Amino acid sequence: MQLDTTEKKIEFIQKYMTAKNAATGSDVDQNANVATKNIATMAAELPKKDIIALNRELMRRKLTSIYGEEMAQSYIDDLAHHIIYKHDETSIFPYCCSISLYPFLTDGLTKIGGSSTAPQHLDSFCGSFINLMFLVAGQFAGATATPEFLTYFDHFARKDYGEDYIDHLDDVVETWQSKQVTLREKIEHYFAQIVYTINQPAGARGYQSLFWNIAYFDHDYFESIYKDFVFPDWDEPKWETTKELQKLFMKWFNNERLKNLLTFPVETANMHTTNGKYSDSEMADFFAEMWAEGASFFMYQSDSVDSLSSCCRLRNGIEDNIFSYTLGAGGIMTGSKGVITLNLNRIVQDWHHDNALSFEKEPLKIYISSIVQRVHKYLNAFNSIIWDYKNAGLLTIFDAGFIDLDKQYLTIGINGFVEGAEFLGIKVDPDNPEYQQYAKDILETIKELNITARTPKCKFNTEFVPAESLGVKNAKWDKKDGYKVPRDCYNSYFYVVEDENVDPVIKFRYQGIKFTGCCDGGSALHNNLDEHLSKAQYRALMDVAIAEGCNYFTYNIKNTICNKCGHISKHTLDKCPVCGSTDVDYGTRIIGYLKRVSAFSAARQIEEGLRAYNHLDD
Ligand SMILES: [Zn+2]
């Protein structure tokens, strides 16, 4: 890869100035969560190609030192041949993290370069929490998850307003400018302070806001995560009050989104199931009700409380959920250090082509294995680079105990899965044994290799990556090189996203145990619907999810945003229900998070236009 000359950079500036929005203007990193185009977003684009070249050279040197020149060259070749894609090459940071908040309660921000000492009250907790988020996000390319946020918020709320504060939300707690403020208003004010600040463009991140994920727990998850946990003052997490606080936050956030299409936090409800039923029926009913009220969140469910989805799509085995006094709840700390994604459409076509030419036929399983074994080596080298930074004392978030490098994953991403099957003439149908076998050949192979390649310093997982911009890039590269490309943006799911005929119920089968069971990481079902369902319908679909073994899902119903009066409706409409204007925009998930469709990249806007928003028949 050649460095950009000054002339090239000037050309880029000219092009950026006329681009329709920041995502389209970006040459290399179109998933960037940037809503506006300005001089700061342009400045952030300028060094990206140089950093990509730098990252490749660091990888080439590291691979050479561990495995020799041949392996280093194959990394460069695999990238150039577009069978693999290294995510976030435009940054030198690890990818994403799910942090423990425990060190924040013992040391405040002092160990990560901040000045605040440990928070003692709800007010200082909320204020310093925002600073914590900005400090942590400054050392990661992707999301920061804080699954414990509401449990800790509850701890401080009880400390300041009494163990039974949740029963006294309408009590007046202060008077402000001769207006009486209730505890509920006070708490909602804290929610607003945190959520609105985090959704602001962050100057240090090239005007991207930071990516924030939080978790809700049902009773069993809560008990499992916090079973041996105590706060530094010996207080214990309290389910009864945290449960109600979770509801309060969720309802507040859902209402707030009528005024502002707040992107973050991405919310995930973690639910335990036993014998085909939700263990905590109260929370199950509550979440169904929230969907019916238009809330937009993910649900993760499992029949053992062994894993937790906190990093928006990452399945984290809670292997060592033992409370440590220095580190907090063990199952919380995870995330992915780095992701390399396989372009399966191209890999399958290369395999098919090689087999047609050779006398001896090689099974797909074996062909995939040799690629995956190389990718494990690439990820191992990347891990070693991250460790160099850590050993040099550069990754202070890790040193301060918010997260542990050994608990984080190295991730193999999947893209073009459906397209590869289509090329082979395999009908994409959840009940087609051929399609099931195709999933096994690829995903189970990777899963098994992930286990054998594991070392104390490296653990691997697989996930269907959202591929906000990669789905478009892969299709473009493949088309250019003469491969069969059935659509301009590759799917991120086990089904064809633009298929009008896929029943919302059947989608649970596509993302059910037969398919996601082969996968050891995240794969979320995004059920696109043309209209909201009733609480009873959502509740019934939750049971379908259990029956099909679909453990991670959400719904997308396009919101209508009025460009004239600013009203946001949770429904998909042609005109504003308040002022009647037809100048409306829509909000939906680009993949993981909500965004205005007009802020998507040009190619993603076309893809969004093709998505089928299906209708549920009774
Ligand atoms: Zn309006």
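Visitor: Which residues of H21 are called buried?

Guide: In this predicted model, the buried residues of H21 are Tyr538, Leu541, Met542, Ala545, Ile546 and Glu548. The term requires 20 or more other C-beta atoms within 10 Å of the residue's own.

Visitor: What covers the buried residues of H21?

Guide: The cover includes strands S7 (266-274), S9 (298-302) and S16 (552-556), together with helices H12 (281-292), H19 (504-510) and H20 (513-516). Just after H21, glycine 549 takes a positive phi of about 75°.

Visitor: Why is H1 said to lie largely in the open?

Guide: The number of buried residues among the 13 of H1 is zero, so this helix lies largely in the open. Helix H1 covers residues 6-18 and reaches 19 Å from its first C-alpha to its last, close to the expected 18 Å.

Visitor: Which residues make the contact of H14 with H17?

Guide: Helix H14 contributes Leu364, Lys365, Ile368, Ser369, Val372, Gln373 and His376, while H17 contributes Asp441, Ile442, Thr445, Ile446 and Leu449. By class, six residues in this contact are nonpolar, four are polar and two are charged.

Terms used: Residues numbered from 1 in each chain as written. Predicted model: local features only at pLDDT ≥ 70, side-chain atom pairs only at ≥ 80, totals over all residues. Helix = DSSP H or I, 4+ residues; strand = E, 2+ residues; numbered from the N terminus. Expected span 1.5 Å × (residues − 1). Buried ≥ 20, exposed ≤ 12 C-beta atoms within 10 Å, placed from the backbone. Contact = placed C-beta atoms within 7 Å. Nonpolar A, V, L, I, M, F, W, Y, C, P; charged D, E, K, R; others polar.
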